[in-house]
Each structure stands twice: as C-alpha cells, then as structure tokens.
Amino acid sequence: MTAITNHLPTAELQALDAAHHMHPFTANGELAEKGARVITRANGVTLTDSEGNQILDAMAGLWCVNIGYGRAELADVAARQMRELPYYNTFFQTTHAPVIALAAKIAELAPDGLNHVFFAGSGSEANDTNIRLVRHYWAEKGQPSKSIIISRKNAYHGSSVGSGSLGGMSAMHEQGGMPIPDIHHLNQPNWWAEAGDMSEEAFGLARAQELEEAILELGEDRVAAFIAEPVQGAGGVIVPPHTYWPEIQRICDKYSILLIADEVICGFGRTGNWFGSQTMGICPDIMTIAKGLSSGYAPIGGSIVSDEIAAVIGAGEFNHGYTYSGHPVAAAVALENLRILEEEGVLTHVREVAAPYLKEKWESLLDHPLVGEAKIVGMMGSIALTPNKATRAAFASETGTVGYICRERCFANNLVMRHVGDRMIISPPLIITPDEIDTLIARARQSLDECYELLQQKDLLHSA
Ligand SMILES: *Cc1c(COP(=O)(O)O)cnc(C)c1O
C-alpha cells in the first residue's frame, strides 16, 4: 500500500472541506458531519484514498476517464502546451494549432456529414450552445417560430439553466426557476419501471410515437429539435428497447425536426463505437460531446454539427461563445487522449474483450435475489433492485433508500458503483481487464449480499 505523505491528516482535510467547499449535488450539512472521502491519487481503474484504501472505480470518475487514470502522456502534453501557448481566444479572427488539430480529428471520427465543431468548456455549456444554435438556425431559415425543443423526462443534459431545462430531472426543475420556456418533455423508454403489461417491442414503439403526437399537437412549425442521449446515463443507464430509436429517426425525418444526440457519455468508445449514435443506428444533425473527449483530464466539451447547419449559421455572425471555447491546453490534452484511444486499439479492446466479458459477468448477477433486470451496452450497465422480480415491483420504501444502502455497501467493499433511485449503475474505464472485471463483479456480489441481509434486518423487503 502506498504511503500518502503529501497532505494534511484526513480529519483536518475533511474539516477544511466542510468549512469551505460546497459540493455539487450534495446535502452539504449532512456531508460535513460525516466527512468527505479524500481521494489522493489514481492509476488505471484504481483510486487511492487518504487512508490508503484501494478502490475500484467502476464509474470512471463521472463516466469520463475512458483511457483510465495515470497516463503521463497527457500530463506531458499539457505541460508542453502551457509553456508554448497557455491560452489564446478564438473570438477575434484568430486560431491556434491545438484547436485546429482537434476539430479536424473529431470531424474525421464523426459520422459522415458532421464536420464542424463549436467548442465549450463542458457538456452543459455545449447543450446551452445547442439551444441557441437550433433556434438561430431555424430563424436564419425564415422559420423563427420553430423554437420548441422536445426532450424526455429523466434525461440528463447538464446543470446550467439551459441544459438543466433540456434535462428532465424533476428534482432539478424544482430549484432555481427551471425549465425555461419552450422545452417539452416526453416519457422515457424505461421498460422495467413503466411498461406495465406491454412487451419491450411494443413499449419502445409507443414511447417513440409520443414524439409524433407531440409534434402534431404543438405544431410542426413550432418544433425545432428533439434531443436525447443514445442511452440515458444519469437517469439510470436506461437502455431503450430496440424498436425505439428507428421510430424516433423516422419521425424526425418525416417532420424535418433536427435530431440532437447527446453523446457526452456515449461518445468516445463507451458503447463500443466512437459514438453511441452508431451503436443505435441513428443519424443526428448535432452531437453533444464532453467527458470521454479528454477522458476527464481537462475540461472540454463541444457540439459537432452537420455541414448544412454550419453553412446556415456561418452565413452571418453567431453571437455566442465562451472564453474557454477551444482552450489550447484542453484541446491538446483531448487530442492526445484520442491518439491513445485510436493507436492503442481501445475500442477494439472494448468490442472484442472487455464488453463481451463484462456482459456475461454482469448478467450473471441476475441469479441474485435482489436483481430484477441487468442491462448493458458496451461499457455502461445497470441492474434494477427489486423485492419481487416476477412483478417488477418497486420497493415500498422511498425510492433510492435501497439503492443508497447498496451503494454504501459497495463503498465499504472498495467499489465505486453508483445508485440512481434503486438502480445500480456502472461505467468503468474502457481499458479495464478481465481480471479487474472479476474483481468488480465479486465486490458487487458481496455488496448485494450484504445489502440483502440489511434489508431483511430493517424489514425493507416489501413491494410498493
Ligand atoms: C454529464 C453530462 C452532461 C453535462 O456535462 P458537464 O460537463 O457536467 O457539464 C450532459 N449530457 C450528458 C448526457 C451527461 O452525462
């Protein structure tokens, strides 16, 4: 075990953290009493905390560390770029080599017809760009009434006012005056929780057809775009039935509605292809990117847009941009990340080794008494915890109670597995090996066993 010597004692760090640091998506008062876990270093798929615990990070940070931790090449590139040109903007008819190289590389990797990148500092910013971009696009085409963007409940598109409005997280909408006007939310294709007696096929089709109903109701002349994650991530790794996406594509084509694929999680190898749109067989007009673009080593995001949209927007001035759009250090780091993904054959490793092995092991958890469904696409998976598999029942306790207990058992067993309500989700670094997958599954099973025992003790194994 590595001795950690380069920081204050854990208790002191926790006290300072509690006194001054406001954590995102956290009840800070509660955390202050408990003390945050201090992560000090990481390598490959393993985090080390200030007490020397070695934790398997089955979430790749926040779905982003696709190439794994500890790649010195990215640190070297960042240091070199900082020495040469740490910053310059791209607003006033200027540019620089890292942003040019990155834009060209992304255009090469993206599906045909998507050849233009507008950079942002994050996925939230990129989706804010998308809101303005699609509305401005239709206005430029003489159809300014097309301003409504259709999204889905339980979607996650970021946490700024714009992107949080696009998202369908009700807990977020309750705070701070969201959603903004002209965002419309459809039901999500979550078969396990919401389908009743319908087959997966029929349910997928029905949920997709809600898009057509909404367009007809709102008016084709009012709807600018539909946005969705190819596979919902933060909503609980909800894999849509196979009938869903083809129907969505048909409807977008029929009514000339722009299709925005939010690839912030699904992009850059997560589903076994460069983009989740390829895995789902769809042709978006815009793709949102962030997270895996730099494997989280530097903050960067963007929108990849079609040739047609770029031409329309480019005919005039788009009054929009961020100080850090195309930041040279972030761009250089992202480029090095893409080089590693490509030259080291990481996507091939996903397709031929890691994803098939993980799928087999993940689905083996179905024999556990708590696990009702196990879904997985590439390197993102979920299991639904249930007190009754046959009826796909939810727990009688408040949603998330059981998931939280399971998550705490995982942490105690040195595994980062997240819970969304009572679903458990994983999204490990793409470079994870079969041996490490064995460890992941063993710790998950141990945690599920301990969770089950606790539910029995606390008398929580009841159906809603
Ligand atoms: C994380 C995420 C975002 C927001 O990205 P940030 O970099 O956190 O702003 C947007 N869309 C999806 C699908 C995400 O998972």
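**Notes on the predicted model**

1. Tyr87 counts as partly exposed, at 30% relative accessibility. The structure is a predicted model. Tyr87 is located in the loop that runs between α4 (72-84) and α5 (97-109). Together with Tyr88 and Tyr324, Tyr87 makes up a nonpolar surface patch, the accessible area of the three amounting to about 320 Å².

2. Cys266 is in no disulfide, and the nearest cysteine sulfur, that of Cys64, is 14 Å away. Cys266 is buried, with 1% relative accessibility. For Cys406, the closest cysteine sulfur belongs to Cys410 at 4.4 Å, which is too far for a bond, because a disulfide requires the two sulfur atoms to be within 2.5 Å. Cys406 is likewise buried, its relative accessible area being 0%.

3. Helix α17 covers residues 434-457, 24 residues in number. From first C-alpha to last the helix reaches 35 Å, close to the 34 Å expected at 1.5 Å a residue. Its buried residues include Ile437, Leu440, Ile441, Ala444 and Leu448, as well as Ser447, Glu450 and Cys451. What do the buried residues of α17 pack against? The partners are the helices α15 (346-364) and α16 (401-412) and the strands β3 (54-57), β11 (371-377), β12 (380-385) and β13 (415-416). After α17 comes Asp459, which has a positive phi, near 55°.

4. Ala332, in helix α14 (residues 328-343), has a relative accessible area of 10% and is buried. Apart from neighbours within four places in sequence, Ala332 is in contact with Val77, Gln81 and Pro98. Ala332 and Trp192, 140 residues apart in sequence, have their C-alpha atoms 42 Å apart. Ser295 belongs to the loop between β9 (286-289) and β10 (301-306) and is buried at 1% relative accessible area.

5. Side chains of opposite charge can pair when their charged atoms come close. The count of salt bridges in the model comes to 21. One of them joins Arg37 to Asp49, with the closest N and O atoms 3.0 Å apart. Arg37 lies in the loop between α2 (28-34) and β1 (39-43), and Asp49 in strand β2 (residues 46-49), so the pair ties together parts 12 residues apart in sequence. Arg37 is partly exposed at 36% relative accessibility, whereas Asp49 is buried at 3%.

6. A salt bridge also connects Lys254 and Glu212, at 3.2 Å from N to O. This pair links distant parts of the chain, with Lys254 in helix α11 (residues 244-255) and Glu212 in helix α10 (residues 200-218), 42 residues apart. Glu212 counts as buried, at 12% relative accessibility. Both residues take part in a network of salt bridges that links Glu212, Glu247, Arg250 and Lys254.

7. Within helix α14, Arg339 and Glu336 are three residues apart, about one turn of the helix. Their salt bridge brings the closest N and O atoms to 2.9 Å. An α-helix has 3.6 residues a turn, so residues three or four places apart point the same way. Arg339 is partly exposed, with a relative accessible area of 30%, while Glu336 is buried at 12% relative accessibility.

Technical notes: Residues numbered from 1 in each chain as written. Predicted model: local features only at pLDDT ≥ 70, side-chain atom pairs only at ≥ 80, totals over all residues. Heavy atoms only, no water. Buried < 20%, exposed > 50% of the residue type's maximum accessible area, 1.4 Å probe, protein only. Patch = residues over 30% accessible without salt bridge, like charges linked within 9 Å, V, L, I, M, F, W, Y side chains within 5 Å. Areas by Shrake-Rupley, 256 points an atom, 1.4 Å probe, with all protein chains shown as cover. Salt bridge = Lys/Arg side-chain N within 4 Å of Asp/Glu carboxyl O. Helix = DSSP H or I, 4+ residues; strand = E, 2+ residues; numbered from the N terminus. Expected span 1.5 Å × (residues − 1). Contact = heavy atoms within 4.5 Å.
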